[in-house]
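Please study the arrangement of strands and charged side chains in the structure shown below.

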Amino acid sequence: MIRPIYLKLSEPNTPVPPCASRFWGNPDLPQGFDYPTYTDCNGAIRPYVFICQINLQEVAPYDTENRLPHKGLLAFFAKIECYLSYDDDVTYIGSCISAEDDVQVLYFPDTHSYTFKEAILEDKDGESLALAGLSIGFTHTIKEEYLDEHALFAPPVHREWETWDPPYEDWQILLQVDSFEGTDFNLNFMDCGVLAFLIAPDDLKAKCFSHVRAIVLSS
């Protein structure tokens, strides 16, 4: 059985350093790399919601099975506006495995060879649209003080059926994001469910993150 790596989220005392693991806030992208967007059903260009970035060197000590690269940055984006209680008209990820363009997972193998810059989204008044960033730590066990089930390689315990629908039967959960709330957000996947990013075993072995899909699981 794949051993999950749980994410511990906390409010930072100081700003999260560039390219460090971060939940919410703004993503760190290579200079000149555009913030990922998609075209909605009305033809409007919209930004994906930035969920988190994982510094792979930070998580490497917990990845004892060498499932991930051990350097670089993984950044997770998805169409989850409606689960944050805004933009209900946007097509959302539901209880069926999503289309490929419903999520974006960006992998940057090297954070030292080129300049990364915080990609800031602003409204028409120049105010940041990002939620307050949270620090990410890692652990192999969930303890009483952090019961949220944010995890890399989470077991599919929230799935009510034996396998994913074909042709995804053997796909694994790359990242699971739990419903939770903070000072400036309430993230609720249906009935306090979870968002699962799914990856094919061959893609994971090849360190290819361009075909990831997602599903919301909720009982």
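A salt bridge is counted where a side-chain nitrogen of Lys or Arg lies within 4 Å of a carboxyl oxygen of Asp or Glu. The model discussed here is predicted. A search of the whole structure finds seven such salt bridges.

One of them is formed by Asp-101 and Lys-79, whose closest N and O atoms are 4.0 Å apart. This pair links distant parts of the chain: the two residues are 22 residues apart, and both Asp-101 and Lys-79 are found in the loop between strand E7 and strand E8 (103-108). Their surroundings can be described by relative accessible area. Asp-101 is partly exposed, at 43%, whereas Lys-79 is buried, at 7%.

Lys-79 also meets the side chain of Asp-102 in a salt bridge, with a distance of 3.0 Å from N to O. Here again distant parts of the chain are linked, for Asp-102 and Lys-79 are 23 residues apart, each in the loop between E7 and E8. Asp-102 has a relative accessibility of 9% and therefore counts as buried, since the limit for a buried residue is under 20%.

Arg-46 counts as partly exposed, with 23% relative accessibility, while Asp-40, at 13%, counts as buried.

Attention may now turn to the strands. Why is strand E6 (residues 49-55) described as largely enclosed by the rest of the structure? The reason is that seven of its seven residues are buried. Strand E6 pairs with strand E2 (residues 22-23) in the antiparallel sense, over two bridges. In this pairing, Arg-22 stands opposite Gln-53 in E6. Strand E6 is also joined to strand E7 (residues 73-78) by six bridges, and these two strands run antiparallel. Here Ile-54 stands opposite Leu-74 in E7. In a regular strand, the side chains alternate between the two faces of the sheet.

The last topic is charge on the surface. Glu-122, Asp-123, Asp-125 and Glu-127 form a negative surface patch. Of these residues, Glu-127 is found in the loop between strand E9 (116-118) and strand E10 (134-139). Glu-127 has a relative accessible area of 51% and is therefore exposed, because the limit for an exposed residue is over 50%.

Note on methods. Residues numbered from 1 in each chain as written. Predicted model: local features only at pLDDT ≥ 70, side-chain atom pairs only at ≥ 80, totals over all residues. Heavy atoms only, no water. Patch = residues over 30% accessible without salt bridge, like charges linked within 9 Å, V, L, I, M, F, W, Y side chains within 5 Å. Areas by Shrake-Rupley, 256 points an atom, 1.4 Å probe, with all protein chains shown as cover. Lys, Arg positive; Asp, Glu negative; His and termini not counted. Charge placed at Lys NZ, Arg CZ, Asp CG, Glu CD. Helix = DSSP H or I, 4+ residues; strand = E, 2+ residues; numbered from the N terminus. Buried < 20%, exposed > 50% of the residue type's maximum accessible area, 1.4 Å probe, protein only. Pairing = 2+ DSSP bridges.
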